[in-house]
Amino acid sequence: MSNLSTLKPVNDFLAQQGKLYIGGKHVDALAGKTFTTPNPATGQTLATVADGQAEDIDLAVQAARTAFESWKDTPPNIRGKIVWKIGELIEQHAEELAELESLDNGKPKMFAMGLDMSLATETFQYAAGWATKIDGNTKTLSVPYAPGAKFHAYTRKEPVGVCGQIIPWNFPLLMAAWKIAPALVTGNTVILKPAEQTPLTALYLVRLLEEAGVPAGVVNIVTGFGEAGAALAAHDGVDKVAFTGSTEVGKLIVGAARGNLKKVTLELGGKAPNIIFNDADIESAVATAANAIFFNSGQVCCAGSRLYIEAGIYDEVIAGVHQIANGIKVGAGLAGDTMMGPLVSAEQFERVSGYVKAGVDAGATALTGSAVPEGGGYFHPATVLTDVRPEMSVVTDEIFGPVVVATKFTDIDEVIATGNDTPYGLSAGIWTSDVSKAHRVAERMQAGTVWVNCYNVLDAALPFGGFKQSGWGREHGHEVLDAYTQTKSVVIAI
């Protein structure tokens with residue numbers, strides 16, 4: 001496991017066994033279990049990590065509960081400064097974190113630096129500003145049944161309590177930032193359960209949390225598999241669970257949370273329609289549509305995976321997207337010229353390959369991109385599927401890989417109906433030079449985010465979340481504060 005990285009701090013980190021972080025201490029799993037995490041570009045083991053179980057979740061919940069009593073009363077300006085410092089430290093250690101992310105997830109290091117680390121920094125620093133701005137308000141009461149009575153009434157925004165947070169493997173550090181930052185500024189404590197495929201940046205983040213001054217027990221990290229996540233979601237000592245991942249697992253989270261009716265927020269799957277009209281800027285639409293599906297090897301919940309192209313430009317757009325696919329350099333994430341890395345695991349490779357095969361067997365035509373490297377990595381070529389039908393699994397299901405299905409349309413009402421014909425509703429794209437058309441179509445799309453003449457534009461100030469089975473609640477913006485606070489009304493007779 002030596003010399004996996006170009007950076008000594010990363011190699012030093014990988015040489016140590018990853019431990020759980022509970023109550024401010026680095027500890028082994030109580031059962032002594034461990035697991036290995038591989039580099040998806042090679043299959044080579046990167047590190048050995050503690051395999052947390054339900055009993056470890058118990059300890060983490062106890063630590064978080066104890067810490068909550070003092071953290072919620074910490075002055076908000078102090079909480080804000082600590083959260084700001086976390087973002088600052090991520091920026092200072094961005095290269096080590098990006099290299100770890102590339103090794104553990106497979107994504108190109110330059111993309112991890114340019115997107116993941118930048119947005120993670122911004123997420124913490126944007127959230128930090130809210131710490132001193134979480135206010136209730138006063139109310140003037142009528143109380144018609146008590147004439148002459150006077151009351152002083154006001155509301156308070158209070159933290160929810162102990163928050164279980166379960167994050168996915170496609171943007172590991174960034175998703176940790178999306179969850180931890182708003183929880184901390186609102187006075188909550190956290191048990192974070194990273195994806196078993198990509199635990200390393202969450203464990204590296206521990207160093208930065210400690211350096212930033214996060215008190216013991218305020219953030220706890222338990223690595224492990226689904227059993228640990230299930231125990232966290234079901235635990236009666238947890239007041240809220242936040243989950244990002246598949247819709248199928250999201251439904252299991254809801255079921256597990258029933259015991260104590262804990263608050264639940266979910267950011268789930270998608271099958272986004274990306275609609276290109278004849279009057280679009282074709283060059284921009286083609287380039288962005290390709291990036292919308294091939295970025296991060298298509299392992300993006302809001303990926304533009306269903307491409308709807310108006311008949312007059314269909315052939316031109318298909319040729320353009322295929323040409324871009326052919327030009328994508330597929331390789332290991334640390335290689336300087338890599339544009340698309342491997343899929344995260346053998347399981348994910350089999351899933352994506354299986355969907356493509358099923359599509360072709362059902363009559364679809366596969367236009368594949370440039371060759372993938374030989375060897376043990378989980379590489380899949382950028383793929384455009386044409387000649388698809390609405391009932392095909394490649395059209396209905398979230399593949400979560402670099403595979404786009406392309407369909408020709410002639411009628412605006414038809415394409416809107418088809419675009420909305422999905423249980424998902426996370427995002428959508430529209431390409432047109434007609435401003436009126438853009439507004440009309442955006443209004444009718446059943447999605448939490450609609451991008452017009454752009455795609456994958458994200459910002460810490462902009463709410464992100466889904467309609468329908470793409471989730472409950474919103475990340476980012478002031479809306480995320482609702483997920484981590486509860487409102488108390490206070491009425492005092494005068």
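Pro390 is exposed, because its relative accessible area is 62%; buried means under 20%, exposed over 50%, and partly exposed in between, with a 1.4 Å probe and protein chains only. The model is predicted, so local features need pLDDT of at least 70 and side-chain atom pairs count only at pLDDT 80 or more, while totals for chains, interfaces and linings use all residues. Residues are numbered from 1 along each chain as its sequence is written, and side-chain values use heavy atoms, with hydrogens and water left out.

Pro390 lies in the loop between strand 15 (383–386) and helix 13 (393–396). Helices (H or I, at least four residues) and strands (E, at least two) are DSSP runs, numbered from the N terminus. Leaving aside residues up to four places away in sequence, Pro390 touches Val395 and Thr396, where contact means heavy atoms within 4.5 Å.

Two strands pair if DSSP finds at least two bridges between them. Strand 14 and strand 15 run antiparallel and are joined by 4 bridges.

The axes of helix 3 (residues 76–92) and helix 7 (residues 200–212) come within 9 Å and cross at roughly 135 degrees. Helix 3 is therefore oblique to helix 7: angles under 35 degrees count as roughly parallel, over 145 as roughly antiparallel, 65 to 115 as roughly perpendicular and the rest as oblique. Axes are lines fitted to C-alpha atoms, for helices over the stretch in contact, and angles run from 0 to 180 degrees between N-to-C directions.
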